[in-house]
Amino acid sequence: MNRRAVRTIGHDIDLSGWLKEFDDLPQPWDDVALFGRAAPLVVELGSGKGLFLTGAAAAHPECNLLGLEMALRYAKLAASKLGQRNLTNARMVHGDGLRVFRERLPTAGVQAIHVYFPDPWWKARHKKRRVLNEAFLADAERTLVPGGALHFWTDVEEYFQTTLEMIARCSRLEGPLPVVESAAEHDLDYRTHFERRTRLAGLPVFRSEFRKALK
């Protein structure tokens, strides 16, 4: 399912407090330097237009939310939504999310990781570009706190099944745990725009949750 055009962002919106680049991230990692406080860290890999990021930041003020997005136009849009709602507990990073996991995020420092509807890279020769790969799984397992969760949703059954097989083969994450689909109560009661479009079209969404063992 293709993405729709992105609306124009007003030039009068100051995104500097919410939109970051890879080199803006502290090394070594420092929650206070980036968010102004220490709090449980939740990371979304591939934030798209920012529906999940803004909703989660508003619903969980006790957490710090970090969104990662390669496409600049989507990163700017997500950051503008954070700024419009003054969600000071969230940051949007434009850049390679896999590199952020590999080079910036701390060991046992992430409460939850969310990966929703990543690009399936349909052609066989392109599947190596999928973000759900063995290297990312190793970083996800390393960065999660004991008991921390990895959430993976997609509308592509082949991607879902091969990823579950890879997680079972290459990691010690426990799962998949049962995920219950609930009815949406209003137009924005979806985790992402992709979920909204998929469900309104009557198409299936494949959901999974894994957890890092407590010991």
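This is a short tour of one predicted model, stop by stop.

**Before you start**

Residues are numbered from 1 along each chain as its sequence is written, and side-chain values use heavy atoms, with hydrogens and water left out. Because the model is predicted, local features need pLDDT of at least 70 and side-chain atom pairs count only at pLDDT 80 or more, while totals for chains, interfaces and linings use all residues.

**Whole chain**

Show the chain as a cartoon. Now colour by burial. Of the 215 residues, 51% count as buried. Buried means under 20% relative accessible area, exposed over 50%, and partly exposed in between, with a 1.4 Å probe and protein chains only.

The chain exposes about 11,100 Å². Carbon and sulfur atoms supply 52% of that area. Areas come from the Shrake-Rupley method with a 1.4 Å probe; for residues, only the protein chains shown count as cover.

Contacts come next; a contact means heavy atoms within 4.5 Å. Among contacts between residues at least 6 apart in sequence, 78% join residues at least 24 apart.

**The sheet**

Select the strands. Two strands pair if DSSP finds at least two bridges between them.

Zoom in on β2 (residues 41-45) and β5 (residues 110-116). These two pair in the parallel sense over three bridges. Pick Glu 44: His 114 in β5 stands opposite.

Select helix α3, residues 72-84.

**Aromatic pairs**

Show the Phe, Tyr and Trp side chains. A search of the whole structure finds six aromatic pairs. Rings (for Trp, the six-membered one) pair if their centres lie within 6.5 Å; planes under 30 degrees apart count as stacked, over 60 as edge-to-face and the rest as tilted.

Start with Phe 52 and Tyr 116. Their ring centres are 5.3 Å apart and their planes stand at 70°, so this pair is edge-to-face. Phe 52 lies in helix α2 (residues 51-59) and Tyr 116 in strand β5, so the pair ties together parts 64 residues apart in sequence. Both residues are buried.

Trp 153, at 5%, counts as buried.

Move to Phe 152, Tyr 159, Phe 160 and Phe 206, which form one aromatic cluster.

**Charges over rings**

A charge sits over a ring if NZ of Lys or CZ of Arg is within 6 Å of the ring centre and within 35 degrees of the ring normal. Arg 130 lies over the face of Tyr 159, at 4.1 Å from the ring centre. Arg 207 lies over the face of Trp 153, at 4.6 Å from the ring centre.

**Backbone stops**

Finish on the main chain. Most residues other than glycine have a negative phi, and most peptide bonds are trans.

- Gln 27 and Pro 28: a cis peptide bond joins them, with omega about 0°. Pro 28 is in the loop between β1 and α1 (31-35).
- Gly 175 and Pro 176: another cis peptide bond, omega about 5°. Pro 176 is in strand β7.
- Asn 86: a positive phi of about 50°, although not a glycine. Asn 86 lies in the loop between α3 and β4. At 51% relative accessibility, Asn 86 counts as exposed.
- Ala 108: a positive phi of about 55°, again not a glycine. Ala 108 lies in the loop between α4 (97-103) and β5. At 38% relative accessibility, Ala 108 counts as partly exposed.

Technical notes: Helices (H or I, at least four residues) and strands (E, at least two) are DSSP runs, numbered from the N terminus.
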